[in-house]
Amino acid sequence: MDIELFDYDLPEELIAQTPLQDRTASRLLVLDKKTGKLTHDTFKHILSYLKKGDCLVFNDTRVIPARLFGVKKETGAKVEVLLLKEQGNDRWETLCKPAKRVKEGTVLTFGDGLLEATCTYVGEDGRRDFMFAYDGIFYELLDRLGEMPLPPYIKEQLDDKDRYQTVYAKEKGSAAAPTAGLHFTEELLKEAKERGIEEVFITLHVGLGTFRPVSAEKIEDHAMHSEYYQMSKEAADKLNEVKKRGGRIIAVGTTSTRTLETIASKHNGTFMEESGWTTIFIYPGYSFQAIDGMITNFHLPKSTLIMLISALAGRENVLHAYEEAVKERYRFFSFGDAMLILEGEE
C-alpha cells in the first residue's frame, strides 16, 4: 500500500499551538464508520453518542519531563537529550541533538552535575543509550531539570505543564501525551459514570516512534518502535464482561487502541492480565478484535496514526472527514479538536 494514499493538505495555521482553557470546549467531528456520515458537535456533548453499558478505555500513562539540556563534561559543548524508553538499572534509550557530538563513552552532565550520563550505545537517527548516575531519586531530579517534550510542530511555550497531561495521568513513563484524553475533565468522567458508562484504565508508555514519519514508500515495509503496555486483571475482567453483555468498547486514543488490540489479537478477542512490549502496526486490512469505536484527535499526514483510523473507518471516509475538518477550520494535532469514530444507530 502506497504511503501517498494517506496524504492530505493541511494549512499550517490549523495546527493548534496552545490548548483551550476549557478541555471540553474542543469541537467534535463524529464519523459514522459504516456510512461515512459526519456530524459536527462539541466535545462536551460526547456522552450523548454513548449509552449505558458502553465502556471507555483510557491510557493512564503520565508524561515525564523528558527533555534534558546538558553539556559534555570534557568540552562544555551543549547537548539536548530526549528520554524515550527506560531500560532498567538507570539505562535509557534516548534521542540526542546534535548527535554527532556524542560517541560511546561520552559523559554528559545536567544541572551543574546533579545528573550525569554516560553513552553506552550509538544508534542511527540520533539514537543514543545512556547510563545515568545521581544521588537521590531519578524522577525527582527529572522534575527539577527536565522540560515537557512537546511535539516539534508546537512552537509556543506551554504555560501550564498539566495541560499536556490527562486529568487521570498516573503511571510515569511517556515521552508524549495520549492526546485524545486531554479533552476529558473530572466532571465529564463523573457524568459518564452517572450515565452508566463504564471506565477502564490501561497503560501504554508513548514513545516517539508512534509519531515518527513513515519513511518507507510502501507502508508494509515500515517497522514500529516497541512501546511498553500493561493491563491489570481487574481491567481485563471488566472488558470481558462488557463484551459478554454486548456493550461497546470505545478506546480513548490510538494508544489505548493499540494496547487493546495487542492483547485481544493474542487471545482470540478476549482480554487477559498482561504486560510487555508491542510493535503492533494497524493499517487498512487489519481485522479489529477489541474495539467498537474510538475517540481520537486529528493526525499528521502519512502517519501511522491516520493509517490506524483508516483501518477502523475506511480510508475514503477518513480522508473525506479530514477534508471537511480543514474546510470547517478545525484545530489539528495534539492540542486540537477531536473525532469520535463509531457506528451510528440504525
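Trainee: Is Phe-333 buried or exposed, and why?

Mentor: Phe-333 counts as buried because its relative accessibility is 5%, where buried means under 20% relative accessible area, exposed over 50%, and partly exposed in between (1.4 Å probe, protein chains only). This is a predicted model, in which local features need pLDDT of at least 70, side-chain atom pairs count only at pLDDT 80 or more, and totals for chains, interfaces and linings use all residues. Residues are numbered from 1 along each chain as its sequence is written, and side-chain values use heavy atoms, with hydrogens and water left out.

Trainee: Okay, where does Phe-333 sit?

Mentor: Phe-333 is in the loop between H6 and E17, where helices (H or I, at least four residues) and strands (E, at least two) are DSSP runs numbered from the N terminus. Its phi is near 75°, which is a positive value in a residue other than glycine.

Trainee: And what about Arg-329, where is that one?

Mentor: Arg-329 is in the loop between helix H6 (315-327) and strand E17 (338-342), and it has a positive phi of about 60° although it is not a glycine. With a relative accessible area of 46%, Arg-329 is partly exposed.

Trainee: Switching topic, how many helices and strands does the chain have?

Mentor: The chain has 6 helices and 17 strands, and buried residues make up 55% of its 346 residues.

Trainee: Which residues touch the most other members of the largest nonpolar core?

Mentor: That core has 67 residues, and those touching the most other members include Met-231, Leu-260 and Phe-271; a nonpolar core is a set of buried Ala, Val, Leu, Ile, Met, Phe, Trp, Tyr and Cys residues joined through side-chain atoms within 4.5 Å. Its largest share, 7 residues, comes from helix H5 (residues 304-313).

Trainee: What is Leu-260 in contact with?

Mentor: Leaving aside neighbours within four places in sequence, Leu-260 is in contact with several residues, among them Val-57, Ile-202, Met-231 and Ile-291, and contact means heavy atoms within 4.5 Å.

Trainee: One more: where is Thr-109, and what does it touch?

Mentor: Thr-109 lies in strand E8 (residues 107-110) and counts as buried, at 15% relative accessibility. Not counting residues up to four places away in sequence, Thr-109 touches Gly-70, Val-71, Lys-73, Leu-115 and Glu-116.

Trainee: What is the peptide bond from Lys-97 to Pro-98 like?

Mentor: That bond is cis, with omega near -10°, and Pro-98 lies in the loop between strand E7 (91-97) and E8.
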